[in-house]
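Subject: Structure for you to look at

Dear colleague,

Here is the structure I said I would pass on. My notes come after it.

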Amino acid sequence: MDSITQAVLGAALQGTVLGRIQGRRSLLYGAALGTLPDLDVIIRYADPVSQMTYHRGFSHSLFVLTGLALLLAWLVNKCWPGKGYTLPRLFLAFWLVLVTHPLLDAFTVYGTQLFWPLQGTPQSWAAVFIIDPVYTVPLLLAVIYAIAKGVTARAKRLLTLALVFSTAYLGFGLAGRMAAEQRFEAALHQRGIATNEVRAVPIAFNSLVWRVLAKTAEGDYYEGISSAFDQQAPEMQRLSRNLQLAQALSDDPLHQRLRWFTDDWLRYDQIGDALVVTDLRMGIPGNYTFRFNMAHRDNQGRWIVDVPSMFQGAGPGSMFSGADLALIWRRIIEQQPPLPLAVWTERYLGVSPVERER
């Protein structure tokens with residue numbers, strides 16, 4: 001999640017557990033500690049694939065952060081005796097503030113290595129968009145009230161209520177994701193289409209409209225939109241992942257790492273002489289956040305693996321078109337007219353769908 005959300009979550013937690021002792025300072029300390037795991041962004045890597053896949057790594061490990069919480073609790077208890085602290089309460093406060101950061105990150109689609117140094121696929125539960133005001137605003141208002149009035153009994157009740165609401169909202173998002181996947185898979189099965197894997201991701205600052213992806217055994221994928229208020233089958237289109245192009249990267253360790261990090265939700269495109277690899281999980285149809293140049297053709301037509309670079313036009317800012325967002329927000333409750341999936345795919349990705357369906 002974004003840094004503001006992580007800060008107010010940490011402030012609310014530490015204010016609730018240690019506010020009686022630390023007062024308003026607990027909010028400041030909690031906000032700072034809650035953003036600590038994201039300091040790994042200051043580490044610079046040689047290429048954007050490494051930058052992407054090493055982020056949310058060791059600094060987001062539940063093992064590492066549990067050890068850090070224990071160390072901080074021991075230091076504070078030792079260095080400031082007589083303040084009313086107890087070691088268990090300090091540990092609980094610091095542990096909650098630290099581990100809820102990566103746990104909240106895992107509720108987004110990006111991928112969080114909760115169990116580093118173990119090398120399982122990063123956790124990507126995709127229950128909320130990376131910026132969601134419904135999650136953040138109640139926590140922010142409760143923290144602002146506590147700053148203004150002090151960490152009084154009423155302020156602590158408000159902080160607790162905000163924490164309960166935000167936690168329940170994550171559960172709402174998980175339920176919405178599963179329902180979107182079931183609706184999409186049922187629509188595909190009605191057309192006699194078999195799928196290997198289906199996954200839904202929230203888009204555009206809400207957990208009501210979902211972009212759903214489904215892989216087929218033939219190497220294609222279906223992409224469509226589903227909302228909790230839909231009365232008809234979701235709109236969708238069939239696209240090719242162009243897996244034959246992946247052979248050019250079969251011996252590239254960075255390509256293998258990208259496959260691992262994304263759980264192989266990748267597509268491949270030849271754009272001019274460049275081989276572009278796209279992470280399908282983040283963005284809107286056709287307009288994806290992470291796209292990488294990973295190889296080029298030489299004069300003999302052979303693929304030469306390159307040090308990856310970000311594809312021109314990719315990046316988090318590329319998906320925030322006001323006109324597209326307006327259509328997406330309308331789509332939450334209005335299924336007609338359907339979203340222009342094929343238009344977006346041709347505009348942003350530069351290809352036409354293999355098949356367009358309703």
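Below is what was found, taken by topic.

Please keep in mind that this is a predicted model.

Nonpolar cores

The largest nonpolar core is made up of 41 residues. Those with the most contacts inside it are Leu-9, Leu-18, Leu-90, Phe-94, Tyr-135, Leu-139 and Leu-159. Two or more residues each come from α1, α2, α4, α5 (87–106), α6 (133–149) and α7 (153–190). A second, separate core has 22 residues, among them Val-49, Ala-246, Leu-258 and Trp-260. As background, nonpolar side chains tend to be buried together in soluble globular proteins.

Second largest pocket

The second largest pocket holds about 280 Å³ of space. The lining residues are Gln-14, Ile-21, Gln-22, Arg-25, Tyr-29, Leu-33, Leu-72, Val-76, Trp-80, Lys-83, Tyr-85 and Phe-94. By type, eight are nonpolar, two polar and two charged. Phe-94 is in this lining and is also listed among the residues with the most contacts inside the largest nonpolar core.

Backbone points to check

Most residues other than glycine have a negative phi, and most peptide bonds are trans.

- Trp-116 and Pro-117 are joined by a cis peptide bond, with omega about 15°. Pro-117 is in the loop between α5 and α6.
- Gln-336 and Pro-337 are also joined by a cis peptide bond, with omega about -5°. The loop between α9 (322–331) and α10 (341–349) contains Pro-337.
- Ala-204 is not a glycine, yet its phi is positive, at about 60°. Ala-204 sits in the loop between β1 (197–202) and β2 (209–215).
- Asp-264, likewise a residue other than glycine, has a positive phi near 65°. Asp-264 belongs to the loop between α8 (253–262) and β5 (266–271).

Regards

Technical notes:
Residues are numbered from 1 along each chain as its sequence is written. This is a predicted model: local features need pLDDT of at least 70, side-chain atom pairs count only at pLDDT 80 or more; totals for chains, interfaces and linings use all residues. Side-chain values use heavy atoms; hydrogens and water are left out. On a 1 Å grid over the protein atoms alone, a cavity is a set of points where a 1.4 Å probe fits but cannot get out, and a pocket is an open set with protein on both sides within 12 Å along at least five of seven lines; lining residues have an atom within 4 Å of a point. Grid points are joined across faces, edges and corners, and a volume is the space filled by probe spheres set on the points. Ala, Val, Leu, Ile, Met, Phe, Trp, Tyr, Cys and Pro count as nonpolar, Asp, Glu, Lys and Arg as charged, and the others, Gly among them, as polar. A nonpolar core is a set of buried Ala, Val, Leu, Ile, Met, Phe, Trp, Tyr and Cys residues joined through side-chain atoms within 4.5 Å. Buried means under 20% relative accessible area, exposed over 50%, partly exposed in between (1.4 Å probe, protein chains only). Helices (H or I, at least four residues) and strands (E, at least two) are DSSP runs, numbered from the N terminus.
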